[in-house]
Each structure stands twice: as C-alpha cells, then as structure tokens.
Amino acid sequence: MDQRTVLIVEDEPLLRMALADALIDEGYDVMEAGNALEAIALLANAAFAAVITDIDMPGGLNGLELARIVSSTHHDVALIIASGGHRLGPEQLPDRARFVSKPYDLQNMTAMLKAMIETDTFDDASSQALQAA
C-alpha cells in the first residue's frame, strides 16, 4: 500500500479539486474520480492508502456501495464517506471507515485522514472532532 496516495471520489468538480489541493498541500499524492465506476477502474490499477468518497453520485453505484466493495477487496485502505444528505452511524459503515457530514472543513479532513492512515486510528473521537467543525 502506498502510504501517501489518496483516491477522491466526488461528482462535484469544485469540491473534488478543493479537497485534492488541500491533500496535495499536505504532501499526499492524489487521484480523482467523478463516480464510483471510475474509482473501481483506478482501484484495479493502483494502490491507495485511503479513499474519500461522496455517497450520492451518478453512475448506478453510490459511494457507500463503493466503500463496501473497497473494504471487502482492499482490507488495508482507510475510508472516509461524506454526505450532505445522509447521516450514517458506525454500525452502518464498513470496516476502517468514518462518516463525515458535508460541508466539512478541509483542514479537519486532512487531520482525520492523517490520523487514519499514518497512525491507524479509527476511533470515534477523531470522527466527532470533524463533525463539530
């Protein structure tokens, strides 16, 4: 697994670009997909430390379904699932996943990502800190 490569799956180009820029500024390598099907193609050809995905996207497969696929096929990949229209509890999430409400603070998002992939932290405190921002 590449500890510094993150896949962003977001159908809103401006949000995707803003998050990508924030992660690049923190030293991460970033790949982007506009929907879950594009993400699956990228996952088949590259190693990622984390996937950050929106839930509602076009293309027939939503971000939660994508996260479940990633969790079952790429066991070491951290997952952040974001949505402005859904609220998910820990029991609804796949392994190694955290839910984040939109809109989110980019600085807090990068801090959560760092905690998840660099220290293997998946506790509720890091998730709650992001929710409060």
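In which sense do strand 1 and strand 3 pair, and over how many bridges? Strand 1 and strand 3 (residues 50-54) pair in the parallel sense over 4 bridges; two strands count as paired if DSSP finds at least two bridges between them.

## Basis of the description

This is a predicted model, in which local features need pLDDT of at least 70 and side-chain atom pairs count only at pLDDT 80 or more, while totals for chains, interfaces and linings use all residues. Residues are numbered from 1 along each chain as its sequence is written, and side-chain values use heavy atoms, with hydrogens and water left out.

## Overall make-up

The chain has 5 helices and 5 strands. Helices (H or I, at least four residues) and strands (E, at least two) are DSSP runs, numbered from the N terminus. Read from the N terminus on, the order of elements is β-α-β-α-β-α-β-β-α-α.

Of the 133 residues, 47% count as buried; buried means under 20% relative accessible area, exposed over 50%, and partly exposed in between (1.4 Å probe, protein chains only). The accessible surface of the chain is about 6400 Å², and 52% of this belongs to carbon and sulfur atoms. Accessible areas come from the Shrake-Rupley method with a 1.4 Å probe, and for residues only the protein chains shown count as cover. Among contacts between residues at least 6 apart in sequence, 59% join residues at least 24 apart; a contact means heavy atoms within 4.5 Å.

In strand 1 (residues 5-9), 5 of the 5 residues are buried, so the strand is largely enclosed by the rest of the structure. In a regular strand the side chains alternate between the two faces of the sheet. Here both faces are covered: Thr5, Leu7 and Val9 lie on one side, Val6 and Ile8 on the other, and all are buried.

Strand 1 is joined to strand 2 (residues 29-33) by 5 bridges, and the two run parallel. Leu7 stands opposite Met31 in strand 2. Between these strands the chain passes through helix 1 (residues 13-25), and this β-α-β crossover is right-handed, which means that, with the strands pointing away from the viewer, the path from the first strand over the helix to the second runs clockwise. In strand 3, the residue opposite Leu7 is Val51.

## Salt bridges

Side chains of opposite charge can pair when their charged atoms come close. A search of the whole structure finds 3 salt bridges, a salt bridge being a side-chain nitrogen of Lys or Arg within 4 Å of a carboxyl oxygen of Asp or Glu. Lys102 forms one with Glu10, with the closest N and O atoms 2.7 Å apart. Lys102 lies in the loop between strand 5 and helix 4 (106-118) and Glu10 in the loop between strand 1 and helix 1, so the pair ties together parts that are 92 residues apart in sequence. Lys102 also meets Asp54 in a salt bridge (3.1 Å, N to O). Asp54 is in strand 3, so this pair ties together parts that are 48 residues apart in sequence.

Glu32 lies in strand 2 and Arg16 in helix 1, so the pair ties together parts that are 16 residues apart in sequence. Glu32 is partly exposed, at 37% relative accessibility, whereas Arg16 is buried, at 16%.

## A nonpolar surface patch

Leu37, Ile40 and Ile69 form a nonpolar patch on the surface, with about 230 Å² of accessible area together. Patches are made of residues with over 30% relative accessible area and no salt bridge; like charges are joined within 9 Å, and nonpolar side chains (Val, Leu, Ile, Met, Phe, Trp, Tyr) within 5 Å. Leu37 belongs to helix 2 (residues 36-45) and is partly exposed, with a relative accessible area of 49%.

Leu93 lies in the loop between strand 4 (78-83) and strand 5 (97-101). At 14% relative accessibility, Leu93 counts as buried. Leaving aside neighbours within four places in sequence, Leu93 is in contact with Ile81, Leu88, Arg98 and Phe99.

Ser71 is found in helix 3 (residues 63-73) and is buried, with a relative accessible area of 14%. Not counting residues up to four places away in sequence, Ser71 touches Leu79, Pro94 and Asp95.
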